[in-house]
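Please examine the following protein chain together with its sequence.

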Amino acid sequence: MELVAGCYEQVLFGFAVHPESEACGDHEQWTLVADFTHHAHTASLSAVAVNSRFVVTGSKDETIHIYDMKKKIEHGALVHHSGTITCLKFYGNRHLISGAEDGLICIWDAKKWECLKSIKAHKGQVTFLSIHPSGKLALSVGTDKTLRTWNLVEGRSAFIKNIKQNAHIVEWSPSGEQYVVIIQNKIDIYQLDTASMSGTITNQKRISSVKFLSESVLAVAGDEEVIRFFDCDSLVCLCEFKAHENRIKDMFSFEIPEQHVIVTASSDGFIKMWKLEQDKKVPPSLLCEVNTKARLTCLGVWLDKVPDMKESFPPAAEPSPVSKEQSKIGKKEPGDTVHKDEKQSKPNTKKRSLASDSKKATKESGLVSTKKRKMVEMLEKKRKKKKIKIMQ
């Protein structure tokens with residue numbers, strides 16, 4: 001297990017996790033050991049995603065870097081977006097989806113690292129995206145004040161819903177039966193079966209990260225030192241606890257045998273791991289912490305195992321069971337506008353670049369500047385000479 005975190009200072013940190021139990025008593029104290037630091041981006045890191053082998057990072061330098069965690073080397077870089085990479089999501093070990101300020105959503109083959117499809121998703125920036133647990137649907141939000149539903153079976157837009165304000169986070173629940181849309185400090189909860197809003201939760205400060213701890217319990221962090229657990233059914237705050245000394249930038253939760261853990265990263269430079277209690281009304285206990293002495297921006301946990309999900313999106317040839325779900329998500333409500341996306345960009349598999357393939361000429365679309373191509377060429381040379389620095 002390894003924690004990976006990006007920061008404003010352009011560095012990716014890696015910390016190996018060693019779970020330990022103290023001999024006396026039931027108190028657990030885990031250990032974090034510095035494993036590597038890597039400085040590949042030329043601007044601050046903005047997003048990170050992990051699967052069973054790779055860690056990918058997005059940056060304000062408009063590139064996506066790939067790291068092979070088993071070999072501890074940089075695997076290459078993807079250059080297609082023209083703008084800050086705002087979100088990265090793996091689905092299984094075969095697909096990566098990226099979103100950026102250029103309004104594009106790109107679907108990547110995570111084996112060959114080819115861009116399978118590039119979609120002009122939003123008229124403004126793509127601020128966040130979330131993949132349904134089935135892999136058949138995705139939701140995205142952007143600065144065009146829309147919530148968009150994507151049919152991943154057919155690789156096309158399904159519906160557009162005007163939400164009147166710019167949302168910056170959208171997240172599916174573990175079962176996919178509900179989802180939340182975050183606008184500033186407000187959490188709107190939607191039910192998939194009715195496509196209607198079932199409730200709203202208001203946090204004290206602007207929200208920076210949310211994670212479902214169960215189907216109904218949502219962990220909320222924002223521009224403050226406190227984390228709160230909310231019940232999505234009753235809309236009440238189950239508990240709150242002070243986690244950091246500064247605003248919390250990102251969270252990650254995972255389960256291992258007999259353990260449910262949440263990891264937090266803050267602008268105070270600390271990464272902390274917390275053991276969640278079965279009763280979410282009880283604040284979690286601290287397992288370990290480490291001070292990176294950097295302004296952290298994004299966080300991931302590499303678990304070195306295959307996620308419990310399908311390896312790829314369902315084939316398009318199969319009858320799509322999402323049509324019913326799509327129609328429900330796109331159901332018109334008073335004051336909302338729902339319509340099909342008429343301007344759908346065609347797939348363009350030529351718009352891809354993997355910096356590690358030095359024998360192939362890099363073909364870039366008009367979205368990629370000459371300056372960026374030179375930067376990629378520089379990264380190619382740099383990658384040949386440089387492996388991730390192992391900290392003893």
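**A histidine and its surroundings**

The side chain of His168 reaches the backbone oxygen of Ile207 at 2.7 Å, a polar contact in the sense of a pair of N or O atoms within 3.5 Å, where within protein one must be able to donate a hydrogen and the other to accept it, and where residues adjacent in sequence count only if both atoms are side-chain atoms. The model is predicted: local features need pLDDT of at least 70, side-chain atom pairs count only at pLDDT 80 or more, and totals for chains, interfaces and linings use all residues. Residues are numbered from 1 along each chain as its sequence is written, and side-chain values use heavy atoms, with hydrogens and water left out.

His168 belongs to the loop between β15 (156-162) and β16; helices (H or I, at least four residues) and strands (E, at least two) are DSSP runs, numbered from the N terminus. At 13% relative accessibility, His168 is buried, where buried means under 20% relative accessible area, exposed over 50%, and partly exposed in between (1.4 Å probe, protein chains only). Apart from neighbours within four places in sequence, His168 is in contact with residues including Thr127, Phe128, Val141, Ile182 and Arg206, contact meaning heavy atoms within 4.5 Å.

**The nonpolar cores**

In soluble globular proteins, nonpolar side chains tend to be buried together. A nonpolar core is here a set of buried Ala, Val, Leu, Ile, Met, Phe, Trp, Tyr and Cys residues joined through side-chain atoms within 4.5 Å. The largest such core has 27 residues, and Leu147, Val180, Val181, Ile187, Val210 and Leu218 have the most contacts inside it. Six strands each supply at least two residues of this core: β13 (137-142), β16 (169-172), β17 (178-183), β18 (186-191), β20 (207-212) and β21 (217-222). Of these, β17 gives the most, with five residues.

Which residues does Ile187 touch, not counting those up to four places away in sequence? They are Val180, Val181, Ile182, Gly199, Thr200, Ile201, Ile207, Leu218 and Val220. A second, separate core has 22 residues, among them Ala5, Val261, Leu287 and Ala294.

**Charged pairs**

Side chains of opposite charge can pair when their charged atoms come close. With a salt bridge taken as a side-chain nitrogen of Lys or Arg within 4 Å of a carboxyl oxygen of Asp or Glu, the count comes to twelve salt bridges. One of them joins Lys72 to Glu2, with the closest N and O atoms 3.7 Å apart. This pair links distant parts of the chain, 70 residues apart: Lys72 is in the loop between β6 (64-68) and β7 (73-78), and Glu2 is in strand β1 (residues 2-7). Both partners, Lys72 and Glu2, are buried. Together with Asp35, they are linked in a network of salt bridges.

Asp144 and Arg148 form another salt bridge, at 2.9 Å from N to O. Asp144 is buried, with a relative accessible area of 17%, and Arg148 is buried as well, at 5%. In the salt bridge between Lys186 and Asp188, the N to O distance is 4.0 Å. Here Lys186 counts as partly exposed at 28% relative accessibility, whereas Asp188 is buried at 5%.

**A buried asparagine**

Asn151 lies in strand β14 (residues 146-151) and is buried at 2% relative accessibility. A polar atom of the Asn151 side chain lies 2.9 Å from the backbone nitrogen of Val153. The Asn151 side chain also reaches the backbone nitrogen of Glu154, at 3.0 Å.

**Cysteines**

A disulfide is a covalent bond between the sulfur atoms of two cysteines. How many disulfides does a search of the whole structure find? The search finds zero, a disulfide being counted as a pair of cysteine sulfur atoms within 2.5 Å. The sulfur of Cys298 is 8.3 Å from the closest cysteine sulfur, in Cys7, and is therefore too far for a bond. Cys298 is buried at 3% relative accessibility, and Cys87 is buried with a relative accessible area of 3%.
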